[in-house]
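Please look at the sequence and the structure below before reading on.

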Amino acid sequence: MADLKGKKIAILATDGFEQAELMEPRKALDGAGAQTVVIAPKGGKIKAWKMKDWGETVNVDKELSQADVHDYDALVLPGGVMNPDHLRMDPKAVDFVGQFVKSGKPVAAICHGPWTLIETGALRGKTITSWPSLKTDLKNAGANWVDQEVARDGQFITSRKPEDIPAFTRAIIELVSGNARQTRAA
């Protein structure tokens, strides 16, 4: 596995993030040597959604108002339904994600996470996957939606669901470490 020592990865989330989609990638990225930083619109703690009910809480490492894109090497956007729905309605969150997109740094989104990316206007012509219910939203945003465990198009890495997390995290680690080759789904 590639080494991410010295890499700092932002994870943007709020209450209602899908527990596995934040905690499992974070564990894998930390295990590869990265420093992960949970960023949220509010300080304190945010609460996970675990499939059908509330899950664990996670400490917020940095409030969104204090976060600077230049301090991070990549961005991860966990899914869940509530989390990205709230983030896409938060102008500061959309601006933060948009700055990442403009920087060209890796942006990884899983499940409903691409909802926030849609708001940046950056997905036109990109090959993206997601939870199936976002298919029409992504197509309307100009993306080429595919049904596969991971899709990578330039700086974007996307996956569909918790079962895809191993492939999702592998793709993030490869791209952030510089060991990825460009792939684009057909």
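**From a strand pair to the chain**

Strand S4 (residues 45-50) and S2 pair in the parallel sense over two bridges; two strands count as paired if DSSP finds at least two bridges between them. Glu18 stands opposite Trp49 in S4. This is a predicted model, in which local features need pLDDT of at least 70, side-chain atom pairs count only at pLDDT 80 or more, and totals for chains, interfaces and linings use all residues. Residues are numbered from 1 along each chain as its sequence is written, and side-chain values use heavy atoms, with hydrogens and water left out.

S2 and S4 belong to an open sheet of three strands, ordered S2-S4-S5, with mixed pairing. Strand S2 (17-18) and strand S5 (53-59) are its edge strands, each pairing on one side only. Strands of a sheet pair through backbone hydrogen bonds, either parallel or antiparallel.

The protein chain as a whole has six helices and 12 strands (DSSP runs, H or I of at least four residues for helices and E of at least two for strands, numbered from the N terminus). Its radius of gyration is 15 Å, close to the 16 Å that the globule rule gives for 186 residues, so the chain is as compact as a globular protein of that length. The radius is taken over C-alpha atoms, and the rule is 2.2 Å times the number of residues to the power 0.38.

Of the 186 residues, 53% are buried, meaning under 20% relative accessible area (1.4 Å probe, protein chains only).

Notes
Buried means under 20% relative accessible area, exposed over 50%, partly exposed in between (1.4 Å probe, protein chains only).
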